[in-house]
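Have the viewer open as you read.

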Amino acid sequence: MGEWGPFKFGDVRVKPGSREQAEIDLGDDPMGNPMNIPLHIIHGSERGPTLVVTAAIHGNEMNGTGIIHQLAFGSDHQAGTTDDHIDPEAMSGTLILVPVVNVEGMLLQDRNAPDGRDINRLFPGKKDGNQSQRLAHTLFDQVVRRADYLIDLHTAPNTRMNVPHVRANLDNTTCKKLARAFGTEVILHSNGPEGSIRRTATDAGVPAILLESGTSNRFEPDSLECGVRGILNVMAKLGMLEGKLVKPRWRILVRRFRWIRAPEGGLLHTLIDGGASVKKGETIAHITDPFGSSVVSITSPVTGYVVGLATTPLVRPGDPIANVVIVREKKLQEIIEKDTQAGLKPREHVEEVEEDEIEDESGSTLDETES
Ligand SMILES: [Zn+2]
């Protein structure tokens, strides 16, 4: 292995122990102005892996952009000050941050690209394809292929909220390691949709995980804090930073969850919050007509933990109301119930417990691997 030299990106050279901004060129827009995707590159003073963090592939999912900003600049919004989370001189490896993948979607406050396409179904893209395929290709080719690991940041659409949780292919040992290190209470197993950056990167040998946190069009403090902590945890796990991992209060790795949907249209009155524990048969919401003269009650078909919840009152038949992670272990049910009833407590005062992995609907196993 040669010397640990500068990191080169196009014309930009990032010296060891320093940081630079760079951009991915996407050609010109209709007005002849150059379009690009901005990058922060933080290049450590010691040899180490390359971690890429992407946000706002869905243009209105802003929390990820806020997470990257906090991570890169700290809460004073200035690099090189005492509240910075990362000192390039004390870092190993290279961190490439992509705060906004879908720049034009973000300007329109839209999930999709201006051509109406979902960029996160088009990876690895096509060099001579349509505009969104070209964007996907350029990002994948110039950034993702240079990575050893990837974290992709998302939120719920603006009609719902997601309690922070990681999604990962738990059959991939490295993805599972990254997901556990990130440190959310809930980890959902999924390979990701066909054409998503996470699935395509993992298939191409760049293990990737995804954070779902909060809702779109917002900077939500809890989501930002969770994301920054999670990325720092992963960096510590990969040996890029010194530091101890902050562990979750409890942890469940799940393969099964249940969407509870509206049986009828109407106005939705939810009785629970995101992050609530629910029991099978418990009433979680009512749907009324505007005059309240007819009421339909919705009960949870399973015992579990609510990771996603509708936040807008208007519903049509079939609309998703709550995403419940199924919890079968009695002990874990009790711990989650105690935890969610306790409300907001400082993390260090809450019990650290065994974790639980539900392999399928019919059974569950404790996951006791600690790495
Ligand atoms: Zn998304």
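Seven helices and 21 strands make up the secondary structure of the chain; these are DSSP runs (helices H or I, at least four residues; strands E, at least two), numbered from the N terminus. With a radius of gyration of 21 Å, close to the 21 Å from the globule rule for 371 residues, the chain is as compact as a globular protein of that length; the radius is taken over C-alpha atoms, and the rule is 2.2 Å times the number of residues to the power 0.38.

Please keep in mind that this is a predicted model: local features need pLDDT of at least 70, side-chain atom pairs count only at pLDDT 80 or more, and totals for chains, interfaces and linings use all residues. Residues are numbered from 1 along each chain as its sequence is written.

Now to an open sheet, whose four strands run in the order β16-β15-β13-β18 with antiparallel pairing; two strands pair if DSSP finds at least two bridges between them. Its edge strands, each pairing on one side only, are tabulated here.

| Edge strand | Residues |
|---|---|
| β16 | 295-299 |
| β18 | 314-315 |

Five bridges join β15 (residues 283-288) to β16, and Thr283 stands opposite Thr299 in β16.

Helix α4 (residues 173-182) is mostly covered, with seven of its 10 residues buried; buried means that 20 or more other C-beta atoms, placed from the backbone, lie within 10 Å of the residue's own. Among them are Cys175, Leu178 and Phe182. Just after α4, Gly183 takes a positive phi of about 100°.

Note on methods: Buried ≥ 20, exposed ≤ 12 C-beta atoms within 10 Å, placed from the backbone.
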